[in-house]
Amino acid sequence: PAAVVLGRRVETEARTLPARHLRFSGPLAPHGSWAVAAAELKVTEDDEGRTFSLEDLPRSPYAERFRQGATLVPRMLLCVVDAAAGPVGVPKGQRAVRSRRGRLDKAPWKDLPDHTGVVEQVFVRPAFLGEHVLPFRLLDPAEAVVPYDGTALLSGDSDRIDRYPGLAQWWRSAEQIWEAHKGSGSTLSLIDQVDYQKKLSAQFPLAPIRVVYSASGNTLAAAVLTNTRAVIEHALYWGTTATLDEARYLTAILNAPALTARIRPYQSVGAFGPRHFDKYVWYAPIPEFDHDDPHHRRLVDLTTEAEAVANEVNIGDSGFQQARKHIREALAHEGVARELDDAVGCLLGRAPG
């Protein structure tokens, strides 16, 4: 029977008849053979017809503290760059903005003219997209119009939005564009789209220290975020920590190959290998940060070293994938990568293989 390894314990079920299960439980050496394991494991019979799922697995206490970022699409209605101010300029406290365009924009949005306007500066926030997160380093974020007034997200039919004429005009115009082009498959309003499953409103009030990591890719990338105005989009997962040391502890673990090796059995596999990290990372036995634990402190120190190395890498005009590669190469060259992976491997226990 196939086994599911839980730290140094294993629990598995083998169905031999439609209504009969065998359950194997007990300690399991990381690289032991089945012949050795079978002699050590306790076997019990289960006639209740139970089935096994990932929900049966224990998870790190950090699992409940992390969630996916907001659905900031269509980008051309939400993400912005500065626009020409016009002959009369822009009132104090406001900004002239237009749609931010990208090569990954999809029809029909990529074919529409820019959405332009003058918006109160307070509603133009830094927005970290998946492409802005490198190992131990963040790139400069994009910017997005976020209709949050300090209390709630505002839609075009909100009474409070009229207190902000620039935002009101921008958002109501964006809603009209959304309704005209969203297609028959969506019944969501624009505000419901960007706050789907409360993934935007849950970010407020913005925490002073957050950890962000990539939702998918060939290799996981994670970094510490201390920007207290920034929102996070759906290609990233985020969570808060009480201290910078705790954030660096988690960043060390998330960037380590020892972690990805442990979660690989849970990942979907595409043409180029395992792809999605999502919250599978928390099926690894990652303990809560303990400032007095020397192993945890070592990971904090290694992250500090890794951040210094990452920030010195000249990534130029490299795309984010190449930038991630350059940083990993620099970390390997400096010897930090090996030390960090060994330390994380000792903390988690090496994955069987």
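Me: Which residues of α9 are buried?
Reply: Helices here are DSSP runs (H or I, at least four residues), strands are E runs of at least two, and both are numbered from the N terminus. Buried means under 20% relative accessible area, exposed means over 50%, and partly exposed is in between (1.4 Å probe, protein chains only). In α9, Val336, Leu340, Asp341, Val344, Gly345 and Leu348 are buried. Seen down the helix axis, they fall within an arc of 155 degrees, so they line one face of α9; the arc is that of the directions from the helix axis to the C-beta atoms. Arg338 and Cys346 are exposed, on the face turned away from the buried side.

Me: Before we go on, what kind of model is this?
Reply: It's a predicted model: local features need pLDDT of at least 70, side-chain atom pairs count only at pLDDT 80 or more, and totals for chains, interfaces and linings use all residues. Residues are numbered from 1 along each chain as its sequence is written, and side-chain values use heavy atoms, leaving out hydrogens and water.

Me: How many aromatic pairs are there?
Reply: Rings of Phe, Tyr and Trp (its six-membered ring) pair if their centres lie within 6.5 Å; planes under 30 degrees apart are stacked, over 60 edge-to-face, and the rest tilted. That rule gives nine aromatic pairs. Take tyrosine 148 and phenylalanine 204: they're stacked, 3.8 Å centre to centre with 15 degrees between the planes. This pair links distant parts of the chain, 56 residues apart. Both tyrosine 148 and phenylalanine 204 are buried.

Me: Why is the pair of tyrosine 213 and tryptophan 282 edge-to-face?
Reply: Their ring centres are 6.1 Å apart and the planes sit at 75 degrees, so the pair counts as edge-to-face. Tyrosine 213 is in strand β13, while tryptophan 282 is in the loop between β18 (273–274) and α7 (294–312). Tyrosine 213 counts as buried at 0% relative accessibility, and tryptophan 282 is buried with a relative accessible area of 0%. One aromatic cluster is formed by Tyr62, Phe66, Tyr213, Tyr237 and Trp282.

Me: Which residues line the largest cavity?
Reply: On a 1 Å grid over the protein atoms alone, a cavity is a set of points where a 1.4 Å probe fits but cannot get out; lining residues have an atom within 4 Å of a point. Here Leu72, Leu78, Ala144, Val145, Val146, Pro147, Trp171, Val194 and Leu200 line the largest cavity.

Definitions and conventions:
1 Å grid on protein atoms, 1.4 Å probe; cavity = no way out; pocket = protein on both sides within 12 Å on 5 of 7 lines; lining within 4 Å.
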